[in-house]
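Hi,

Here is the structure I promised to pass on.

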Amino acid sequence: MSARQDRVIGLVFVASGLGMALHARSMPVPNLMGDVGPSFFPALIGWSMAALGLVLAAMARGGGAAAEPFDWRRVPMTVGFAAIAFLYAAAFDLAGFSWPTFGALVAAMALLGRRDTRSLGLYAAGAAVFVLVLGFALKRGLRIPLTGVWVG
């Protein structure tokens, strides 16, 4: 990938991450007496996306646009990841933790990997196990008052 592509994709992730973090701030937070609240996880993902996008954009070096042309085939994947992140934040606000996290993980794995029936089944199984374990750990272990957790 060229330095120009790295910069563009990094800036897309910065914008997406900031948008997701700002959306998380708009989620209603009940009086939880010091607990982080349900917007913590989407905000964490948003700020992480923005920080990693900034690192990618800042570290992009190269011989300029003339050295390597912009590869437009990568744009749909970048837009796909940004869409997954925005949909995740919106769905988290509506449905809680487990279903949106499961859907976002399966969608991201399908975007990156193969899309045959066997692979999609493996993605779904892996995402379900991850969501179960993470939801339980966040709700029971860390006592984060998440809504929509499957087990916990």
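Which residues does Phe 92 touch, not counting residues up to four places away in sequence? The list is Met 27, Pro 38, Phe 41, Pro 42, Phe 97, Pro 100 and Leu 146, with contact meaning heavy atoms within 4.5 Å.

Some housekeeping: this is a predicted model, where local features need pLDDT of at least 70 and side-chain atom pairs count only at pLDDT 80 or more, while totals for chains, interfaces and linings use all residues. Residues are numbered from 1 along each chain as its sequence is written, and side-chain values use heavy atoms, leaving out hydrogens and water.

On to α3, residues 75-95 (helices are DSSP runs of H or I, at least four residues, numbered from the N terminus). Its end C-alpha atoms are 29 Å apart, which agrees with the 30 Å that 21 residues should span at 1.5 Å a residue (1.5 Å times one less than the number of residues). Buried residues in α3 include Ala 85, Tyr 88 and Phe 92 (under 20% relative accessible area, 1.4 Å probe, protein chains only). The buried residues of α3 pack against α1 (3-25), α2 (40-59) and α4 (98-112).

With α2, the packing angle is about 165° and the axes are 10 Å apart (lines fitted to C-alpha atoms over the stretch in contact, angles from 0 to 180 degrees between N-to-C directions). That makes α2 roughly antiparallel to α3 (over 145 degrees).

Cheers

How values were computed. Helices (H or I, at least four residues) and strands (E, at least two) are DSSP runs, numbered from the N terminus. Buried means under 20% relative accessible area, exposed over 50%, partly exposed in between (1.4 Å probe, protein chains only). Angles under 35 degrees count as roughly parallel, over 145 as roughly antiparallel, 65 to 115 as roughly perpendicular and the rest as oblique.
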